[in-house]
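Subject: Handover of a structure and what was found in it

Dear colleague,

I am handing over to you the structure shown below. Please keep it open while you read the notes that follow.

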Amino acid sequence: MKVFRTVAEVREWRNGFKTVGYLPTMGALHKGHLSMVRKSILNNDATIVSIFVNPSQFSPTEDLDQYPRNLEGDVAKILECAKETNSEISEDSLAVFAPTVAEMYPSGIDLDISKQKGTFVDVLGCSNFLEGAIRPHFFRGVATVVTKLLNAVQANVAYFGQKDVQQTVVVRRLVKDLLIPTSIEISPIVREASGLAMSSRNEYLSADVRERAAVLYKGLQLAQKAFTAGDKSQKSLQEIVRNEINTESAIVDEIEYVSLNEPSFFQPKSEAAEKGDILSVAVRLVGGVRILDNIILE
């Protein structure tokens with residue numbers, strides 16, 4: 001499989017195909033990522049996966065250096081997934097883009113925003129609360145690198161996972177507003193057997209905590225059940241989720257938020273819940289690992 005390090009290499013490769021599917025990642029690939037690789041292979045002439053731990057979405061106090069990196073292992077997973085999906089897939093139609101920091105940030109990048117130079121992207125109206133309030137630098141970094149990557153790859157469709165639901169709203173908005181000709185497809189959350197949403201950071205959890213952390217999804221399921229039964233109260237649905245999570249207080253250090261949001265700009269709702277609204281939760285576990293989950297009310 002081809003592994004590219006420069007934008008020029010990616011663009012030359014991309015020109016050889018009519019339809020290209022693209023999955024942007026920071027590596028440490030799991031079954032959730034691979035489900036999107038599989039979808040891309042089945043629906044496009046060629047597929048490319050980027051693996052780039054993006055420094056601009058980390059603050060100076062966060063775990064940039066500790067973030068798991070295993071390019072060789074990730075490439076092996078992609079190859080295995082491709083062969084299982086289509087045993088006759090051409091090696092020319094599958095690629096990885098693993099750029100250097102210098103390639104992605106020609107002006108350089110400092111984790112301290114006040115010292116940064118160059119061009120950055122802010123998506124206003126949907127990125128300054130919830131995850132954006134907890135990590136004020138985060139969506140600026142995400143929007144900037146996604147814009148760069150979409151411009152570099154020039155894919156027909158890019159795949160994102162629903163687990164990072166606020167991020168999907170930000171990405172859809174920037175693609176629309178910046179007139180980027182790439183369709184954004186959101187894939188459902190892939191879950192572990194317990195119900196825990198798959199995430200690269202699950203690797204930091206012990207087997208016991210990993211099993212019990214599925215309480216987030218249990219709470220969301222209870223809220224969906226109540227909504228289906230006619231409970232449309234924003235406060236009531238949030239309380240149902242909080243109460244369920246609190247049954248596992250021994251592993252939960254803090255419930256950072258339980259929020260009901262509309263889907264277009266991800267604005268928090270205070271009125272009655274409706275179908276299509278997003279109920280999301282973020283929890284910091286004992287030991288410091290943050291986990292996220294959400295459902296779209298049906």
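V49 stands opposite V96 in β4. Their strands, β3 and β4, pair in the parallel sense over four bridges; two strands count as paired if DSSP finds at least two bridges between them. Helices (H or I, at least four residues) and strands (E, at least two) are DSSP runs, numbered from the N terminus.

Before going further, please note that this is a predicted model, in which local features need pLDDT of at least 70 and side-chain atom pairs count only at pLDDT 80 or more, while totals for chains, interfaces and linings use all residues. Residues are numbered from 1 along each chain as its sequence is written, and side-chain values use heavy atoms, with hydrogens and water left out.

The six-stranded sheet

β3 and β4 belong to an open sheet of six strands with parallel pairing, in the order β1-β4-β3-β2-β5-β6. β1 and β6 stand at its edges with a single partner strand each, so one side of each has no neighbour in the sheet. On average, neighbouring strands here are turned by 25° against each other, direction ignored.

Helix α3 packs on this sheet and touches β1, β3 and β4, and its direction makes about 160° with that of β4. Contact means heavy atoms within 4.5 Å; axes are lines fitted to C-alpha atoms, for helices over the stretch in contact, and angles run from 0 to 180 degrees between N-to-C directions.

In α3, the residues G73, D74, V75, I78, C81, A82 and T85 are buried. Buried means under 20% relative accessible area, exposed over 50%, and partly exposed in between (1.4 Å probe, protein chains only). The cover over the buried residues of α3 includes β1 (2–4), α2 (31–43), β3 (46–51) and β4 (94–97).

The nonpolar cores

A nonpolar core is a set of buried Ala, Val, Leu, Ile, Met, Phe, Trp, Tyr and Cys residues joined through side-chain atoms within 4.5 Å. In soluble globular proteins, nonpolar side chains tend to be buried together. The largest core in this model has 46 residues, and those with the most contacts inside it are W13, Y22, I48, F97 and V146. Among the elements that give it two or more residues are α1 (7–14), β2 (20–25), β5 (157–161) and α7 (165–177). Its largest share, ten residues, comes from α6.

Leaving aside neighbours within four places in sequence, the contacts of I48 include F4, W13, Y22, F97 and V153. Apart from this core lies another, of 28 residues, among them L196, V215, L216 and F227.

The three-stranded sheet

A second open sheet has three strands in the order β7-β8-β9, with antiparallel pairing. Its edge strands, β7 and β9 (290–296), each pair on one side only. Here neighbouring strands are turned by 15° against each other on average, direction ignored. Eight bridges join β7 to β8, and the bridge partner of L260 in β8 is L279.

Helix α9 (residues 215–228) packs on this sheet, touching β8 and β9, and its direction makes about 20° with that of β9. Helix α10 (residues 234–245) lies across β7 and β8, running at about 155° to β7.

E271 is in the loop between β7 (252–261) and β8. Not counting residues up to four places away in sequence, E271 touches Q234 and L260.

Salt bridges

How many salt bridges does the structure hold? It holds 14, a salt bridge being a side-chain nitrogen of Lys or Arg within 4 Å of a carboxyl oxygen of Asp or Glu. In one of them, the closest N and O atoms of E62 and R135 are 2.9 Å apart. This pair links distant parts of the chain, 73 residues apart: E62 is in the loop between β3 and α3, and R135 in the loop between α5 (131–134) and α6 (138–153). E62 is partly exposed, at 25% relative accessible area, whereas R135 is buried, at 11%. Finally, E131, E256, R284 and R290 are linked in a network of salt bridges.

Yours sincerely,
A colleague
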